[in-house]
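Here is a short report on how two parts of one chain meet. Look over the sequence and the structure first, then read on.

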Amino acid sequence: MADQDKIDPWGAIEIKDYNRLLATFGIKPFSQLRPLLVEQGIPLHLYMRRGIIFGHRDLDIVMNEFKKGKRIAVLTGFMPSGRFHFGHKLTADQLIYYQSLGFKIFVALADAEAFAVRRIPRETAIKVGVEEYVANLIALGLDPKKTEFYFQTNRGTPYYRLIQLFSGKVTAAEMTAIYGDLTPAKIVSSLTQAADILHVQLEEYGGYDYVIVPVGADQDPHLRLTRDLTDRLREVIDLTRPASTYHKLIRGLDGAKMSSSRPDSTIFLTDPLETARKKLMAALTGGRATAEEQRKLGGIPEKCTIYDLYMYHLILDDEKLREIYEECRSGRLLCGKCKRYAWSLLEEFLREHREKLEVAKEIAYKIVEVPGF
Ligand code: SF4
C-alpha cells in the first residue's frame, strides 16, 4: 500500500478524494445500497440521501438479517479529550437514526485511549465523557433507556480477554501496514477499539448477532483491523465481521478538518451565542471577491463552509436546501444575507439545545457507571 493511502485515525488528516478511498480499500459505494434500503421500506437518513454517507461494508447483509429478525447492535466510540462539536453531532445523528429503527445502541467512552494517546488524566476524561459526550448525545435525542454508555476502563473481564486474544493474532508488521508507524500506546488503543466493536456479540454483553459501526472516513483502519481479527479468531471464538458506514468529514469554518484543537474554526454545541455568531460570521464561504462579481458569476456552494452547515445540520428539508444551492449558484443570493440566515437557524438550534443539555447532564450522571479505581 502506498504511504499516501495510509490513514492516521488519530491525526488531523484531510481526505480529498473519497472515491480513491472506495477503490483502495474495497469500501462499497453507498449509492448502490440506497435502492435496496428503499425497497425494504427502511427510511433513508438525510446523510444517506445527500451523499454524506458515501460508503459501507456489509450494511446490505446486516439490513437483510435485520428483516429476518436478527438482533443488531450499533456501536460508536468517542475519545473524551475535547468539547462536543458539530463533527461529533454527525455520528450522534446516525445513532439516533439507528435507534429509531429498533437497533440497540452502545457508546464507548474511550478514556483508556484518551490517556494512552493524548495523556488526558482519568478524572478529566471521566468528567468530559459524562458532561460533554453523554449529556450532548442525550440532549440531541438519543434515548438513554435504550443506550448503553460505558467507559473502556470499566468494561469487565470478557472485554479485556478479547484484547489479549487479539494481541496474539496480529504482528507488528501487519499493524504498521494498516496504520503506518505506531507507538505502543496506539497499538493497545487499536486492539481496545477492536474489543469495543466486537464485544457486544459476547453473551455477557447482550450476544448481538451483528454490529454496525458508523464512522468518519478517517477511522477505517480500525475497521480493517477488526475484520481481520474476526477472521483469524474463528477457531477460538465465533464472531461476525462488523459492518460499517463511512461519512465524509465536515470541514471547520476555515475549510480544514473540524477539530476541537482549532476552536476558532469549530462550533461547539455549548458555545455561548455571541462566540458562535462571531465564528460563523468569519467563516470561509464560496463567495466571490465582490458582490458585483458574485451577482454575475454566482457563488460556489461546494467550497462554502456555511453551505456545509446547511447540508449537514441546519436544513433538514431537501427542497429548501436545493433552493439555497440554486440561489447561490445563480448569484441571486449573496454571502452576507446567507450568513445571517444561517445564524438565525444556528441560534435557534443552540438556544434549544442549551435548555435540553441542563436536564441531560443530570440524567447522564445517573445512568453512566463511572470508573471507581
Ligand atoms: S451565498 Fe451562501 S452558500 Fe453561497 S457561497 Fe455565500 S455563504 Fe456560501
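## The interface in brief

This is a predicted model. Domain 1 and domain 2 bury about 2200 Å² between them. Carbon and sulfur atoms account for 59% of that area. Three residues stand out on the domain 1 side: R50, F86 and R251. Together they supply 35% of the area that domain 1 buries against domain 2, more than any other three residues.

The size of an interface is often given in this way, as the accessible area lost when the parts come together.

## The two domains

Where do the domains lie in the chain? Domain 1 covers residues 3-251, and domain 2 covers 263-360, according to the domain assignment. Their centres, taken over C-alpha atoms, are 29 Å apart. Contact between them involves 22 residues of domain 1 and 28 residues of domain 2.

The largest share comes from α7, with six residues.

What classes of residue make up this side of domain 1? Twelve are nonpolar, eight are charged and two are polar.

## Salt bridges

Side chains of opposite charge can pair when their charged atoms come close. The structure holds 28 salt bridges. Between domain 1 and domain 2 the count is four.

Take the pair R83 and D271. Their side chains meet in a salt bridge, with the closest N and O atoms 3.2 Å apart. The pair links distant parts of the chain, as the two residues are 188 residues apart. R83 sits in the loop between β3 (72-78) and α5. D271 sits in the loop between β7 (243-247) and α12 (273-281).

## Confidence

How confident is the prediction? The mean pLDDT of the chain is 92. Of its residues, 95% reach 70 or more.

Conventions
Residues are numbered from 1 along each chain as its sequence is written. This is a predicted model: local features need pLDDT of at least 70, side-chain atom pairs count only at pLDDT 80 or more; totals for chains, interfaces and linings use all residues. Side-chain values use heavy atoms; hydrogens and water are left out. Domain bounds come from an automatic or database domain assignment. Contact means heavy atoms within 4.5 Å. Buried area is the accessible area (1.4 Å probe) that two parts lose on being put together, summed over both. Helices (H or I, at least four residues) and strands (E, at least two) are DSSP runs, numbered from the N terminus. Ala, Val, Leu, Ile, Met, Phe, Trp, Tyr, Cys and Pro count as nonpolar, Asp, Glu, Lys and Arg as charged, and the others, Gly among them, as polar. pLDDT is the predictor's confidence in each residue, from 0 to 100.
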